Amino acid sequence: MEISTRELRAFLTLAEENNFTRAAALCHLSQPAFSALIKALEDTLGLRLFDRSTRHVELTPEGRDFAVSARRVMSEFEDAI
């Protein structure tokens, strides 16, 4: 299983923004490309990380657990750089 820092950053941005369009813009991606990136991460993990509707995005319980680890990994990565 390989997960990139790009996927982790996208995940964390969406977790903070709760909006695909805003998160995509912050990551300098089109909304379709951003959605595909999040879907690829979910497929890799075999988990649904977000509950989605046409007007609402929020972390699932599994997504909240993953966010804790993702923040720690990104912090350690940035410290190493």
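**Close-up views of the aromatic rings and the nonpolar core**

**View 1. Phe11, Phe50 and Phe66 are joined into a cluster by ring pairs.** Rings of Phe, Tyr and Trp (its six-membered ring) pair if their centres lie within 6.5 Å; planes under 30 degrees apart count as stacked, over 60 as edge-to-face and the rest as tilted. The model is a predicted one, in which local features need pLDDT of at least 70 and side-chain atom pairs count only at pLDDT 80 or more, while totals for chains, interfaces and linings use all residues. Residues are numbered from 1 along each chain as its sequence is written, and side-chain values use heavy atoms, with hydrogens and water left out.

**View 2. Phe11 and Phe50 form a tilted aromatic pair.** Three aromatic pairs are found in a search of the whole structure. In the pair of Phe11 and Phe50, the distance is 5.5 Å centre to centre, with 55° between the planes. Phe11 lies in helix α1 and Phe50 in strand β1 (residues 50-52), so this pair ties together parts that are 39 residues apart in sequence. Helices (H or I, at least four residues) and strands (E, at least two) are DSSP runs, numbered from the N terminus. Phe11 is buried, with a relative accessible area of 0%, and Phe50 is buried with a relative accessible area of 0%. Buried means under 20% relative accessible area, exposed over 50%, and partly exposed in between (1.4 Å probe, protein chains only).

**View 3. Phe20 and Phe34 form an edge-to-face aromatic pair.** Their rings are 5.9 Å apart centre to centre, with 80° between the planes. Phe20 belongs to helix α2 and Phe34 to helix α3, 14 residues apart, and the pair links these distant parts of the chain. Phe20 is buried at a relative accessible area of 11%; for Phe34, also buried, the value is 0%. Not counting residues up to four places away in sequence, Phe34 touches Ala10, Leu14, Phe20, Ala23, Ala24, Cys27 and Leu29. Contact means heavy atoms within 4.5 Å.

**View 4. The largest nonpolar core has 22 residues.** Such a core is a set of buried Ala, Val, Leu, Ile, Met, Phe, Trp, Tyr and Cys residues joined through side-chain atoms within 4.5 Å. Phe11, Leu14, Phe34, Ile38, Phe50 and Phe66 have the most contacts inside this core. Two or more residues come from each of α1 (5-17), α2 (20-26), α3 (31-45), β2 (57-59) and α4 (61-80). The most come from α1, which gives six residues.
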